[in-house]
Amino acid sequence: MYVKDTIAAISTAIGEGGIGIIRVSGPEAIEIVNKIFRSIRGKSLLEVDSYTAHYGHIVDSTEEIIDEVITLVMKSPKTYTTEDIVEINCHGGMVPLRKVLDLILKEGARLADPGEFTKRAFLNGRIDLAQAEAIIDLIRSQTETGLRVAMNQLEGGLSQKVGEIRQDLIKLLAHLEATIDFPEDEIEDFNSDELSDRIDGIAKKVEKLLRTSQKGKILKEGIETAIIGRPNVGKSSLLNALLREKRAIVTEIPGTTRDIIEEVINIDGIPVKIIDTAGIRDTEDIVEKIGVERSEEFLNRADLVLLVLDAHQGITAEDRKLMGSIKEKDAVIIANKLDLDSKLDFTEIEEILTDKPIVKTAAVENQGIDELEDVISNLVFSGEVKNEDQTLITNMRHKNALDRAYQMLLDVKKTFELDLPNDFITIDLRAALEAVGEITGDTIGEDIIDQIFADFCLGK
């Protein structure tokens, strides 16, 4: 799985910037960079201390200066990969970065695969697999809450809880196997109540983690929220009010919004993907018709629907049709334009949609927006009080592994209740132990590891 070669890649985003960083890691990292680096002080990188920065130039084989750089030298084992690492801080343009990288590759380094630096950190034992996956969550986090959850996992919060479950399983399994393998030693076997309690205790820990998976998924991926309604009820005004900026064009002409507008906003730590759709109505306009069809597609796939009604005009036949289409979906009814005379029959709304919250707004005046955000937050978390514990299951791979482990523990209970020999119990316990170990990488195949790190960006 691991070859002791030296790898290199551009670690900063493609494009222009103040600086661009090339990362080199491996046993020959310092030696390779030293061949193309000329310190202003004439000092060799082979002689410098770890965690020191050096100003100078990168030169080619003819000693022509390619770029003015600052080179950071970090020596094994206290580095990101636990190997020798050199990071070259170049000027932030793709031409100098690529030329410097080409020189490094010509001197013997290999272009790193996506995520290979982090993969080496995992293979060298500096982090486990759950911590490695937290790094990409950290990069992709969309809110401060999502960032804190990813940091908790990176610092080992999830690994610690998984480790406790593994240790409980190992101790139980070791004791049972000892009674099977060494009956002559008269090792005291568990009585029925004690074994049942031990299994229940482990199952409860697994179940507690699993209960966080829905909240974790929401904080990581966000919720798709479609703003729907007939034309000119104030959908685009509502989007602008939620974004606190004029993102969508607002006019008094029905059908102004013909394409889908999608933005992400932060509501109480939840990444909410707001989709402003075209007004849904029967139309002969070809372009508007396409927009209406796309709106209906988004309505069907949305996690949450915001149905906007025009309080000034009252409920129409088109409104009733839309209300009927969202009966089975999580939705919030928004009575908009309440700054004007209201003709809305709230009793009729409650009769059609008995369990949907209603929020009164005047989107153009930014009235009722805070209340709407509170309702969305309460819907997402089902009104539960937020837990300060930031250890959440945010990864579907982790959830699947815990689901399998939980099922195996239930099977252990059935086996035990059937009064079958301990040999049968240990089979399911080993399967549970293997499933839990997949989360941290203790029991997982090379193909799965390669697949996980393939999702990382190049240079990370």
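# Sheets and helix contacts in a predicted model

Biologist: In what order do the seven strands of the open sheet stand?

Modeller: Strands are DSSP runs of E with at least two residues and helices are DSSP runs of H or I with at least four, both numbered from the N terminus. Two strands pair if DSSP finds at least two bridges between them. In this open sheet the pairing is mixed, and the seven strands follow the order β3-β4-β5-β6-β2-β1-β7.

Biologist: Which strands stand at the edges of that sheet?

Modeller: An edge strand here has a single partner strand, so one of its sides is left without a neighbour in the sheet. The two strands in this position are β3 (37–39) and β7 (110–111).

Biologist: What pLDDT must side-chain atom pairs have to count in this predicted model?

Modeller: Residues are numbered from 1 along each chain as its sequence is written, and side-chain values use heavy atoms, with hydrogens and water left out. Because the model is predicted, totals for chains, interfaces and linings use all residues, but local features need pLDDT of at least 70 and side-chain atom pairs count only at pLDDT 80 or more.

Biologist: Which residue of β6 is the bridge partner of Ile-70?

Modeller: Strands of a sheet pair through backbone hydrogen bonds, either parallel or antiparallel. Strand β5 (residues 65–74) and strand β6 (residues 85–92) pair in the antiparallel sense, over five bridges. The residue of β6 that partners Ile-70 is Asn-89.

Biologist: What angle does the direction of α3 make with that of β1, where the helix packs on the sheet?

Modeller: Contact means heavy atoms within 4.5 Å, while axes are lines fitted to C-alpha atoms, for helices over the stretch in contact, and angles run from 0 to 180 degrees between N-to-C directions. Helix α1 (residues 29–36) packs on this sheet, touching β2 (17–25), β3, β4 (52–59), β5 and β6, and its direction makes about 75° with that of β3. Helix α3 also packs on the sheet, touching β1 (7–10), β2 and β7, and its direction makes an angle with that of β1 of about 140°.

Biologist: Are α3 and α16 parallel, antiparallel, perpendicular or oblique to each other?

Modeller: The axes of α3 (residues 116–123) and α16 (residues 446–454) come within 9 Å and cross at roughly 140°. Angles under 35 degrees count as roughly parallel, over 145 as roughly antiparallel, 65 to 115 as roughly perpendicular and the rest as oblique. That is why α3 is described, relative to α16, as oblique.

Biologist: How many residues of the contact of α3 with α16 are nonpolar?

Modeller: Thr-118, Lys-119 and Phe-122 in α3 meet Ile-449, Asp-450 and Phe-453 in α16. Ala, Val, Leu, Ile, Met, Phe, Trp, Tyr, Cys and Pro count as nonpolar, Asp, Glu, Lys and Arg as charged, and the others, Gly among them, as polar. By these classes the contact has two charged residues, one polar residue and, as the nonpolar count, three.

Biologist: Is the aromatic pair of Phe-122 and Phe-453 stacked, edge-to-face or tilted?

Modeller: A search of the whole structure finds two aromatic pairs. Rings of Phe, Tyr and Trp (its six-membered ring) pair if their centres lie within 6.5 Å, and planes under 30 degrees apart count as stacked, over 60 as edge-to-face and the rest as tilted. The rings of Phe-122 and Phe-453 have centres 6.2 Å apart and planes at 35°, so the pair is tilted.

Biologist: Is the crossing of α14 and α15 left-handed or right-handed?

Modeller: Helix α14 (residues 396–417) and helix α15 (residues 422–440) pack at an angle of about 165°, with their axes 8 Å apart, and they are therefore roughly antiparallel to each other. A crossing is left-handed if the near helix is turned anticlockwise from the far one by less than a right angle, and right-handed if clockwise. The crossing of α14 and α15 is left-handed.

Biologist: Which residue of β10 stands opposite Asn-266?

Modeller: A six-stranded open sheet with mixed pairing has the order β9-β10-β8-β11-β12-β13. Its strand β9 runs antiparallel to β10 (residues 270–276), and seven bridges join the two. In β10, the residue opposite Asn-266 is Pro-271.

Biologist: What is the phi of Thr-82?

Modeller: Most residues other than glycine have a negative phi, and most peptide bonds are trans. In the loop between β5 and β6 lies Pro-77, and the peptide bond from Ser-76 to Pro-77 is cis, with omega near 5°. Thr-82 is found in the loop between β5 and β6, and although it is not a glycine, its phi is positive, at about 75°.
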